[in-house]
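Work through each task before reading its solution.

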Amino acid sequence: MTGLLRKTNLDSDLISKIYHYSELGSTNNVAKSMILTEKKHGFGICSKTQTSGYGQRGNYWESPEGGLWCSLAIKPDIKPSKIGLIPSLCALSVAKALKSYNISTRLKWPNDILNSSDSKKIGGIIVEGKVSSKILEYLIIGIGINVNNTLDQYSLPLRTNITTTLEITKTNISLVELLNAIINFLEEGLYRIKSGEEKVILLEWKEWDNILGRKIVLTSNNIEYEGIAKDLTLFGQIILELDDGRKITFSSGHVSLC
Ligand code: BTN
């Protein structure tokens with residue numbers, strides 16, 4: 001861990017403080033140990049760079065300077081049964097925040113944010129958490145967005161699959177302002193979940209969705225399922241219709257478009 005750079009105080013019920021570092025292994029890991037040792041939540045950990053950032057399925061996440069690499073440690077007042085919708089809500093919050101910068105995105109279930117014109121990945125979300133005795137103890141929401149980055153900051157294989165907001169708009173964005181916008185949309189969405197309005201989130205997600213009605217390959221527990229992405233449930237699951245007509249519901253998995 002390299003030096004705490006500064007602390008930002010926010011006027012938000014969800015996140016009151018953001019700690020900014022210059023270099024960390026993974027902001028998710030630091031947020032996790034802080035929530036466990038200090039027994040407090042409602043904070044964010046951001047780092048200019050990460051040396052061992054990780055994404056879904058434990059994949060290494062390249063985090064060069066200029067991107068938004070941040071983890072939010074929260075304890076939302078929602079039932080554990082509703083957690084399934086959180087990854088989608090987070091991706092939706094990022095998409096809405098980017099829209100306020102005129103960056104048009106699409107969402108690939110469960111939590112990938114793609115540039116709408118070429119489907120290249122701008123960012124992703126990883127949600128980790130703990131539930132004990134049917135109580136949600138905490139959630140760590142890891143947000144990774146390629147923002148003020150040029151493609152030459154990434155490894156060669158990645159350059160063909162990703163893009164950055166700088167590549168799209170040719171202008172820099174304030175990372176703090178972008179994060180604030182994401183937190184505001186997230187807070188609003190969590191309030192909706194708490195008050196039983198999950199349907200609103202689902203309907204909004206569908207406006208941004210990139211896969212419903214399309215043929216996809218969904219990999220879950222190392223098994224590949226090919227079929228049409230039919231629908232999303234109020235619990236954030238996807239319903240896949242296989243070629244033989246069977247419908248299977250998945251809570252997690254990796255999607256590739258056919
Ligand atoms: C994905 O695989 O699409 C999710 C990527 C999430 C990366 C972010 S960067 C900040 C936070 N710290 C991590 O180690 N991972 C998440």
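For the lining classes used below, Ala, Val, Leu, Ile, Met, Phe, Trp, Tyr, Cys and Pro count as nonpolar, Asp, Glu, Lys and Arg as charged, and the others, Gly among them, as polar. The model is predicted.

**Exercise 1. The largest pocket**

Task: State the volume of the largest pocket, and explain why it lies between two domains.

Solution. 
Step 1. The volume of the largest pocket is about 730 Å³.
Step 2. Its lining has 37 residues, of which Trp61, Asp112, Lys121, Leu158 and Ile162 are the closest to the centre.
Step 3. Two or more lining residues come from each of helix 1, strand 4 (68-74), strand 6 (112-115), strand 7 (121-132), strand 8 (135-145) and strand 13 (254-257).
Step 4. The class count for the largest pocket is 14 nonpolar, 17 polar and six charged residues.
Step 5. Because domain 1 (2-208) and domain 2 (215-257) both give residues to the lining, the largest pocket lies between them.

**Exercise 2. The second largest pocket**

Task: Determine which element gives the most to the lining of the second largest pocket.

Solution. 
Step 1. The second largest pocket has a volume of about 510 Å³. Among its 25 lining residues, Gln56, Pro110, Ser251, Ser252 and Gly253 are the closest to the centre.
Step 2. The elements that contribute two or more residues are strand 7, strand 8 and strand 9 (215-220).
Step 3. Strand 7 gives the most, with seven residues.
Step 4. By class, the lining of the second largest pocket divides into nine nonpolar, 13 polar and three charged residues. Domain 1 (2-208) and domain 2 (215-257) each supply at least three residues to it.

**Exercise 3. Strand pairing**

Task: Describe how strand 2 pairs with strand 3, then give the order of the open sheet of five strands.

Solution. 
Step 1. Strands of a sheet pair through backbone hydrogen bonds, either parallel or antiparallel.
Step 2. Strand 2 (residues 17-24) and strand 3 (residues 43-50) run parallel and are joined by seven bridges. In this pair Glu23 stands opposite Thr49 of strand 3. With helix 1 (residues 27-38), the two strands make a right-handed β-α-β unit.
Step 3. The open sheet of five strands has antiparallel pairing in the order 12-11-10-9-13. Strand 12 (247-250) and strand 13 stand at the edges and have a single partner strand each, so one side of each is left without a neighbour in the sheet. From one strand to the next, the twist averages 45 degrees.
Step 4. Strand 9 and strand 13 run antiparallel and are joined by four bridges, and Leu218 stands opposite Val255 in strand 13.
Step 5. Four bridges also join strand 11 (residues 238-242) to strand 12 in the antiparallel sense, with Glu241 opposite Lys247 in strand 12.

**Exercise 4. Backbone angles**

Task: Find where a cis peptide bond and positive phi values occur.

Solution. 
Step 1. Most residues other than glycine have a negative phi, and most peptide bonds are trans.
Step 2. The peptide bond from Trp109 to Pro110 is cis, with omega near 0 degrees. Pro110 is in the loop between strand 5 (105-108) and strand 6.
Step 3. Ser119, a residue other than glycine, has a positive phi near 60 degrees. Ser119 belongs to the loop between strand 6 and strand 7.
Step 4. Gly245 has a positive phi near 95 degrees, in the hairpin of strand 11 and strand 12, where four residues lie between the strands.

Notes
Residues are numbered from 1 along each chain as its sequence is written. This is a predicted model: local features need pLDDT of at least 70, side-chain atom pairs count only at pLDDT 80 or more; totals for chains, interfaces and linings use all residues. Side-chain values use heavy atoms; hydrogens and water are left out. Two strands pair if DSSP finds at least two bridges between them. A crossover is right-handed if, with the strands pointing away from the viewer, the path from the first strand over the helix to the second runs clockwise. On a 1 Å grid over the protein atoms alone, a cavity is a set of points where a 1.4 Å probe fits but cannot get out, and a pocket is an open set with protein on both sides within 12 Å along at least five of seven lines; lining residues have an atom within 4 Å of a point. Grid points are joined across faces, edges and corners, and a volume is the space filled by probe spheres set on the points. Domain bounds come from an automatic or database domain assignment. Axes are lines fitted to C-alpha atoms, for helices over the stretch in contact, and angles run from 0 to 180 degrees between N-to-C directions.
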